Amino acid sequence: MALSTRTTPFTRVLRKPLKMVAAIPAIYFILAALLIWISFENPNFPQPEVFLAFLRRATPLLILAAGQLFVIVTGGFDLSVGSLITLTVLGGALLTDGNADRTPLAIVTLYLIGLGVGIFNGLVVSYLRVSSFITTLGMLIALKGAALLWSGGAPAGYLPDNFRIFGRQNLEGVPYLGKVPYAVIILVVYSLVATYLLHGTNFGKKALAVGDNPRAAALSGIAIPRIRIAVFVLSSISAVTAGILLGGFAGVSMNVGDGYELEAIAAVVLGGAMLMGGKGSMPTAIAGALSLRALFTLLNLLGLPSPYRAAVQGLIIIGAAAYAAFRSQSES
Amino acid sequence: MTKNLKYLVLSVILLALVVPPTVLAQEGGQPKSSSEFFDPEEFARQLALLDMEPEGPADQPWLQAIDPEWVDTTQYKKEAPWTICFSNAGNFNPWRVVGFTTMEAEVELHPEIANFVVTDAEGSDEKQIGDIADLLATGECDLLIVSPMTTAALTPAVEQACETIPTIVFDRGVNTDCPVTFISPIGGYAFGAAAARFIVDNLPEGGKVLALRISPGVDVLETRWAAAEQIFMEAGVNVIGVEFTGDDRATARSIVEDYLERYGEIDAVWMDAGATSLAVIEAFEDMGVEIPIITGEDQQDFLVKWQEEGLTAIAPTYPTFQWRTAILAAIKILSGEPVPKKWVLPQPTITNENLAEHVQPNMPPQHYALCGCEELPGFPERWGGKPAN
């Protein structure tokens with residue numbers, strides 16, 4: 001990179017603002033570029049209503065990415081989230097069976113299931129020393145099987161309207177914006193809490209320390225199993241939340257969660273997190289997830305059939321991972 | 001500074017990854033003709049079958065046959081009790097779950113079937129080939145029923161079975177006529193055409209049509225689209241997009257929202273299967289846009305919504321009652337009674353006129369109305385329904 005060392009009067013003047021711009025994580029530029037491009041293709045896109053509808057569609061992935069980031073900064077993966085989403089949607093329909101009265105109890109039950117899955121993943125990874133990749137892959141298969149067994153192989157029962165409010169309805173009469181989807185409100189709260197948890201608390205610092213160097217973390221007195229269990233619980237809770245939103249958004253189906261685990265990991269990587277752990281930022285991970293969704297929207301607007309979308313998604317994951325590796329090399 | 005510049009350079013590279021597809025998009029934007037799947041003769045034959053009167057009892061469509069060519073089966077006659085074996089491709093979607101439940105209930109009606117042995121291939125060709133070999137190796141099966149996973153892969157296994165015991169194939173076909181009978185509804189062309197013709201007949205002048213398909217390359221689905229594409233082309237219909245949903249409701253809904261943002265309105269949505277029809281309707285509802293002409297299938301969630309909203313809709317079907325027919329054919333063959341060589345079952349279409357007969361609010365959302373299972377033991381609970389009031 002000889003360019004940066006060559007000092008001409010022109011660059012001397014520009015150095016300071018350039019430095020400030022360069023300090024902004026790349027993902028925000030990518031996101032901004034994608035959003036601007038979408039607005040060119042679809043001039044309606046910047047309208048609050050259209051943009052908020054886009055955000056609502058993206059919300060389950062954003063929440064999932066936030067949960068996934070906690071696991072990834074500790075150096076793990078959580079592949080079980082996609083199946084947990086499916087289990088949440090099918091379970092929600094079975095538990096409520098269309099009865100609005102049963103919604104509160106059903107939601108509590110689903111979160112308890114999520115809590116159990118997270119604790120189980122964390123315990124197996126911590127004490128049986130099975131890699132998180134294998135543990136959660138096993139959980140992915142087990143949860144899918146559980147969902148199939150529980151529902152008898154086909155979706156049974158409907159989700160009542162009050163269950164679907166979160167993913168489907170809007171808060172009406174908001175100043176300036178008109179109607180705001182409940183999902184977007186949940187997203188904002190979730191993002192703030194997750195950002196605070198990772199960057200503002202001791203727990204967050206410990207999680208990053210565990211991923212950076214587990215040995216050093218253990219020596220400095222961090223109870224690693226407790227941290228690991230907590231991050232898997234956060235990821236599972238995020239999956240249940242995403243499931244409730246998706247069930248509301250689109251209704252009951254057998255394959256609702258398929259592929260979400262990989263999209264969440266791709267989003268987090270795109271947001272600049274290190275897959276080996278120890279490094280990651282909540283705002284950029286969320287921006288990564290939003291960029292992924294914006295990219296899918298753009299590809300659709302450009303009229304690309306879905307196989308192209310899959311190929312582009314793959315290229316981006318590889319590109320982002322290669323970039324992360326490149327960056328970590330250049331830093332050491 | 002160096003590091004941050006790399007950051008920027010790489011972000012540009014990352015974006016550049018997105019650019020090449022836009023070039024492709026200019027070619028790919030137009031819906032491509034799937035002519036490789038279009039067989040004009042078969043298309044014409046299926047449309048002719050749609051208009052033919054089936055033979056057999058009208059109140060038991062699972063026993064009806066269209067244009068049958070009867071074959072003698074006295075050579076397979078055998079004293080009861082029988083062991084009937086069934087190699088199932090899998091129960092990987094609600095259609096198959098409803099069908100299999102119906103089949104098991106039918107078996108219970110026949111004490112002469114002493115054993116009903118089922119293997120589940122879980123959607124894998126390899127496992128199903130192994131399953132068939134295992135079933136044959138037991139030497140217990142008096143007759144084998146096969147619901148094949150994919151046509152080409154299962155053909156040799158079915159040929160092998162034919163050599164030792166009478167064999168029945170239903171739903172998807174195989175590339176051999178060695179089975180005693182092949183049972184299926186009319187077919188994909190008839191299905192796709194029924195929905196497309198309805199759209200052409202009801203579409204306003206210059207109306208925009210969105211086509212939603214499950215996935216490319218599956219022959220039973222390709223024929224549905226090939227027929228629709230042909231009909232839309234002949235009628236000069238403006239097809240604004242052909243998209244794949246992967247049979248996922250959230251994807252279907254997102255696609256519809258994208259198209260609505262792009263075009264403001266859509267006049268008709270053609271679907272190659274009905275599982276995501278309701279999600280499509282909800283997308284229109286929630287965006288405050290009038291629900292368009294829509295096609296679906298005989299799933300209850302779609303039929304219930306259609307009735308509630310008084311939609312302009314149609315539902316071609318691929319009836320699950322064919323799973324009953326497989327058992328009834330087995331009994332006929334083992335009793336030495338003739339069966340049609342190609343047992344073509346009727347493929348009814350649900351329209352506004354007969355919608356009310358098929359709406360069953362007590363049944364689960366993904367229950368298929370044309371299961372022909374209402375009189376079978378355990379209905380409706382066995383299919384996940386609640387007792388009708």
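**Figure 1. Overall make-up of chain A in the predicted model.** The secondary structure of chain A comes to 14 helices and two strands, where helices (H or I, at least four residues) and strands (E, at least two) are DSSP runs numbered from the N terminus. The radius of gyration of chain A, taken over C-alpha atoms, is 21 Å, close to the 20 Å that the globule rule gives for 332 residues, so chain A is as compact as a globular protein of that length; the globule rule is 2.2 Å times the number of residues to the power 0.38. Along the principal axes, the C-alpha atoms of chain A fill a box of roughly 70 × 55 × 40 Å. This is a predicted model, in which local features need pLDDT of at least 70 and side-chain atom pairs count only at pLDDT 80 or more, while totals for chains, interfaces and linings use all residues. Residues are numbered from 1 along each chain as its sequence is written, and chains are lettered from A and ligands numbered from 1 in the order in which they are written.

Figure 2. A:V117 counts as buried because 28 C-beta neighbours lie inside 10 Å; a residue is buried if 20 or more other C-beta atoms, placed from the backbone, lie within 10 Å of its own, exposed if 12 or fewer, and partly exposed in between. Leaving aside residues up to four places away in sequence, A:V117 touches A:S80, A:L84, A:M139, A:L143 and A:S236, where contact requires C-beta atoms, placed from the backbone, within 7 Å. The C-alpha atoms of A:V117 and A:S236 are separated by 6.7 Å, although these residues are 119 residues apart along the chain.

**Figure 3. Crossing of helices α7 and α8 of chain A.** The axes of helix α7 (residues 161-168) and helix α8 (residues 182-199) come within 6 Å and cross at roughly 65°, with axes being lines fitted to C-alpha atoms over the stretch in contact and angles running from 0 to 180 degrees between N-to-C directions. The helices α7(A) and α8(A) are therefore roughly perpendicular to each other, a label for angles of 65 to 115 degrees, whereas under 35 counts as roughly parallel, over 145 as roughly antiparallel and the rest as oblique. On α7(A) the contact is made by A:I165, A:F166 and A:G167, and on α8(A) by A:Y182, A:A183 and A:I186.

How values were computed. Two residues are in contact if their C-beta atoms, placed from the backbone, lie within 7 Å.
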